[in-house]
Amino acid sequence: MCHNCSKHDFVGSFLRPERLVTARQEFKEGKIDAQALKIVEDQVIEELINKQKELGYEFITDGEFRRSTWHLDFMWGFDGIDHRPTETGLPFADEVALIDDTYLVGRLGFNENHPFFEHFKFVKQFEEKGHQAKLTIPAPAQFLEQLIMPFAIDNTLKFYDSQEELVEDLVSIYQQFIQKAYQLGLRHLQLDDCSWGLLVDKRAEDFFGTDQAGLEAIKQLFLETNNRAISQRPEDLVVTTHVCRGNFKSTYAVSGSYEEIAEFLFAKEEVDGYFLEFDDERSGGFEPLRKVTGDKKVVLGLITSKRPELEDKDRIIARIHEAAQYIPLERLSLSPQCGFASTEEGNKLTQEDQWKKLQLVKEIADEVWG
């Protein structure tokens, strides 16, 4: 099966058009109803998909336009989860991300009417030869991390006697979600996963409230949770994963090389491919790619979605060939290192900048892989 036949790709989220930002604000303020908001969402998503096709991208997405964040809206679609506006926020390099506190209010349960099913069906109708709908959701490890971090664990323990029970329910809701999405025609699923990003940072022990041995156990836990969740997937469902170090209003959360996690993530995670962040020195070198097993693909995130300046084409081509020292060139492809708007606020660049970046990705890919 051909995964990532096209050698240029993108991670999934796009800058929200002004019309959508206004409509979402009006909806929050009670000035328009859900139906009126959906009409605007449908229109701007159709325009986005047309643009993705026009630029020659194989995969089409809704740009995550119906979400406020890349991960939490997915979590809110299940039973046992609630959220409220945060008072403290999450610290990024130069910004505090005021995204909702999300927590358990009961045991996790699958919801047949999870909103992402309708979101996917909308994109699916625009599929045609050479253009396939891709769904991006947070990885199981990301969901788990949200519930076992030091700030959340006391609340989680109100509903679960053990971590094993929690993982059991989490794996179950993912398996049911994947099965239903597959029945609706999903053939390409991307699991976005920043949990590994936290583990490579030098403050990892503080983040998880543990020591080095504890971190090793967490790596094993994340690996097993992800693998179990996708273990029942149909054979023709391609599953990739995107791993980065945070992306909010052009800032980042953590730094560190993939070396610390390569033995787990690259060697043993049973995905078909990885979207990896390599747009600056915070990501370390390409050496860890030697641990990628089997015939798994790697999408090199060498073009940054954080800044408007266009990269130097020759330099990016040189870096692709550098990465090819560790993994064959035919198993590599190119993309931006992350989405353009992991949260609805978006990164600090314009729509025009965003399209120029994606144009550059395609130009370089055509040059390198022909």
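Modeller: By definition, two strands pair if DSSP finds at least two bridges between them; strands (E, at least two residues) and helices (H or I, at least four) are DSSP runs, numbered from the N terminus. The model is predicted, so local features need pLDDT of at least 70 and side-chain atom pairs count only at pLDDT 80 or more, while totals for chains, interfaces and linings use all residues. Residues are numbered from 1 along each chain as its sequence is written, and side-chain values use heavy atoms, with hydrogens and water left out.

Colleague: Which residue in β10 does Val243 stand opposite?

Modeller: Strands β9 (residues 238-243) and β10 (residues 273-277) pair in the parallel sense over four bridges. The residue in β10 that stands opposite Val243 is Leu276.

Colleague: Which are the edge strands of the open sheet of six strands?

Modeller: The strand order is β7-β8-β9-β10-β11-β12, with parallel pairing. An edge strand pairs on one side only, and those two are β7 (135-138) and β12 (332-336).

Colleague: What angle does helix α12 make with β11?

Modeller: Helix α12 (residues 313-323) packs on the sheet, touching β11 (297-303) and β12 (contact means heavy atoms within 4.5 Å). Axes are lines fitted to C-alpha atoms, for helices over the stretch in contact, and angles between N-to-C directions run from 0 to 180 degrees. The angle is about 150 degrees.

Colleague: Why is Val171 classed as buried?

Modeller: Val171 lies in helix α7 (residues 163-183). Buried means under 20% relative accessible area, exposed over 50%, and partly exposed in between (1.4 Å probe, protein chains only). Val171 is buried because its relative accessible area is 5%.
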